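I opened my notebook to work through one protein chain from the whole fold down to single residues. Here is what I looked up.

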Amino acid sequence: MRKNREAINWNRLNNGYTKMFWDQNIRQFWVDEEIPISDDKLVWNTLSVDERDVYEKVLGGLTLLDTEQGSVGMPRIALAIDNLDYKPILGFMGAMEHMHAKSYSSIFSSLSNIDRIDYIFDWVKTYRNYQEKLELILGKYNNIHDRMSLYQALCTSVFLETFLFYSGFFYPLYLAGQGKMVNSGEIINLILRDESVHGVFVGLLAQEEFDKMTMKEQELAYKEMLLILEKLYSLEREYTKELYSCVGLESAVDVFVRYNADKALMNLGFDTKFNIKDTDVNPLVLNGLRTDTKTHDFFSTKGNGYIKPMRVEPLHDDDFM
């Protein structure tokens with residue numbers, strides 16, 4: 001029997017927050033060309049070989065995760081969600097994941113040569129830790145067939161957006177907090193602002209699905225959610241040790257990872273697991289998590305709270321008379 005298709009009616013949305021999240025995403029829209037990344041080149045040349053290697057590898061990993069989240073994660077979830085109101089927001093968020101991936105390539109092209117860039121992307125493709133993470137994540141996205149599996153996919157998305165990305169964000173935030181690689185750090189701040197909204201929104205969708213379950217189903221869903229978290233954290237600990245030990249930041253990154261895992265649990269409506277306090281996190285990095293404006297004038301680096309001009313009129317000779 002043929003199914004009659006519905007169109008989303010923006011004049012009769014089903015809840016009070018759909019339009020709010022749509023508007024927030026639109027207000028936050030940005031493109032990587034607006035940030036003068038090449039200004040970081042002088043600082044880049046002063047970094048040690050290990051520092052540059054870590055920086056490039058974390059950006060390579062973030063590119064991989066964003067590519068899959070934009071290509072598979074958000075589209076699969078949008079297809080599985082019944083509520084038409086949520087689909088355009090998920091679609092917009094998916095598009096921004098591709099913007100994030102592109103922005104990392106903009107950083108690469110401003111700082112590294114093509115041979116080095118190719119090396120990093122080849123490394124990402126063969127690095128076992130990244131591939132194991134994606135096998136777990138994509139397994140949840142590609143196996144949505146009922147409410148329980150949809151809930152697991154939503155939880156996995158929240159963990160990616162609010163937890164897994166942050167081990168990669170740590171190093172750019174850490175350097176920017178010292179006044180190094182500030183322009184590249186501004187791009188990370190813009191991405192952080194997006195991911196913060198993504199994690200909250202998808203977390204709300206997960207809570208809605210959870211509330212529709214029976215008590216027995218909720219018990220099972222909660223156990224499965226914790227199992228996903230534990231598997232991902234185990235991979236993050238391994239990744240942190242392998243990548244950050246050469247620059248002496250393994251312990252600090254692990255604290256930051258657990259701090260954000262707790263944030264992900266809160267987005268899902270649950271109590272924290274690791275109980276990491278703000279004071280436990282490296283203060284330079286914690287300050288970088290603040291997504292308000294970092295710069296306040298028109299002559300310094302464009303901050304992540306800048307006002308985008310929506311109408312530009314050409315100047316004429318008469319304007320100067």
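Predicted model: local features only at pLDDT ≥ 70, side-chain atom pairs only at ≥ 80, totals over all residues.

I started at the N terminus and read off the elements of the protein chain, which run α-α-α-α-α-α-α-α-α-α-α. The radius of gyration (taken over C-alpha atoms) is 21 Å, close to the 20 Å that the globule rule (2.2 Å times the number of residues to the power 0.38) gives for 321 residues, so the chain is as compact as a globular protein of that length. My tally for the protein chain came to 11 helices and zero strands. Both are DSSP runs, numbered from the N terminus: helices are H or I with at least four residues, strands are E with at least two.

Residues are numbered from 1 along each chain as its sequence is written, and side-chain values use heavy atoms, with hydrogens and water left out.

Next I checked the box: the C-alpha atoms fill roughly 65 × 60 × 40 Å along the principal axes. I also looked up burial, and 50% of the 321 residues count as buried (under 20% relative accessible area; exposed is over 50%, partly exposed in between; 1.4 Å probe, protein chains only). For contacts (heavy atoms within 4.5 Å), I took pairs at least 6 apart in sequence, and 81% of these join residues at least 24 apart.

Then I went to the record. UniProt, in an unreviewed entry, places the feature "binding site" at Glu97, Glu161, Glu195 and His198. They span 102 residues in sequence, yet no two of their C-alpha atoms are more than 10.0 Å apart, so they gather at one spot. I noted that UniProt positions are in the numbering used here, feature names are shortened, and annotations may be inferred rather than shown by experiment.

I picked two of these to look at. Glu161 sits in helix α7 (residues 147-176) and is buried, with a relative accessible area of 0%. Leaving aside neighbours within four places in sequence, Glu161 is in contact with Gln69, Met74, Glu97, Tyr166, Glu195, His198 and Gly199.

His198 belongs to helix α8 (residues 182-211), and I found this histidine buried too, with a relative accessible area of 0%. Not counting residues up to four places away in sequence, His198 touches Asn25, Met74, Met93, Met96, Glu97, His100 and Glu161.
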